[in-house]
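I opened this model to look up its overall build first.

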Amino acid sequence: MSTDLFGVRVLDLDHEQRRVCFRVFVVYYEPSWGTGELLPDDPTFFFRVLWEAAENSTPRRDGSLADVVTLDEFLDEEWVESNTHRFVAGIERVAARNHPVSDEAFERLPMFSHERDGGWQDEERLAQGDYVVQVTDARWMESLRVGQSWGTTSYAANS
């Protein structure tokens, strides 16, 4: 079992415009990483998040992201870096809270925050960012629901 690095919540969906708005929480604080740029800003992170949501949805629909991308491809770093553009057209961080983390705030944060019933303890204190993600096909959003939250071990390729 791996330790989640981030928490993800779906804030809004616009299927016509092929846009999803995510809030991403930093839920794991490794002291050696420092307090600077902790939020992901790479499309590969959001590709991984979209794939996880599709993989965990039941029943899966023919053509969902998890049907199109195999587990082996998902786990292949080079494949993800080379193919993310086929699924994620762009990302924009539109808000950030508690970021970068001050040294004082870092000392008060737990090293790890567990997800419970779609939330994280003291989530208002966690470093977090809101992102608008443009997908290449509305099918990649089929498994998402507004308010849906989960912990993820996903990461950005250039982290």
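My entries below go from the whole chain to a single side chain.

**Ground rules.** I am working on a predicted model, where local features need pLDDT of at least 70, side-chain atom pairs count only at pLDDT 80 or more, and totals for chains, interfaces and linings use all residues. I number residues from 1 along each chain as its sequence is written, and side-chain values use heavy atoms, with hydrogens and water left out.

**Elements.** I listed 5 helices and 7 strands. Helices here are DSSP runs of H or I with at least four residues, strands are E runs of at least two, and both are numbered from the N terminus. Along the sequence I read β-β-α-α-α-α-β-α-β-β-β-β.

**Size.** I checked the radius of gyration, taken over C-alpha atoms, against the globule rule of 2.2 Å times the number of residues to the power 0.38. The protein has 15 Å, which agrees with the value near 15 Å for a compact globule of 159 residues. The C-alpha trace spans about 50 × 30 × 30 Å along its principal axes.

**Cover and contacts.** I found 43% of the 159 residues buried. Buried means under 20% relative accessible area, exposed means over 50%, and partly exposed lies in between (1.4 Å probe, protein chains only). I then took contacts, meaning heavy atoms within 4.5 Å. Of those with a separation of 6 or more, 76% join residues 24 or more positions apart.

**Charge.** I counted 15 positive and 30 negative side chains. Lys and Arg count as positive, Asp and Glu as negative; His and the chain ends are not counted. The centres of the two sets lie 5 Å apart, with each charge placed at NZ of Lys, CZ of Arg, CG of Asp or CD of Glu.

**Strand 6.** I looked at residues 128-135 next, where 6 of the 8 residues are buried. Two strands pair if DSSP finds at least two bridges between them. Strand 2 (residues 19-26) pairs with strand 6 in the antiparallel sense over 7 bridges. Strand 3 (residues 88-97) also runs antiparallel to strand 6, joined by 8 bridges. I noted V133 of strand 6 opposite V20. V133 is also the bridge partner of I91.

**V132.** Is V132 buried or partly exposed? I found V132 partly exposed, because its relative accessible area is 25%. V132 is found in strand 6. Beyond its neighbours within four places in sequence, V132 touches R19, V20, G90, I91, E92 and V94.
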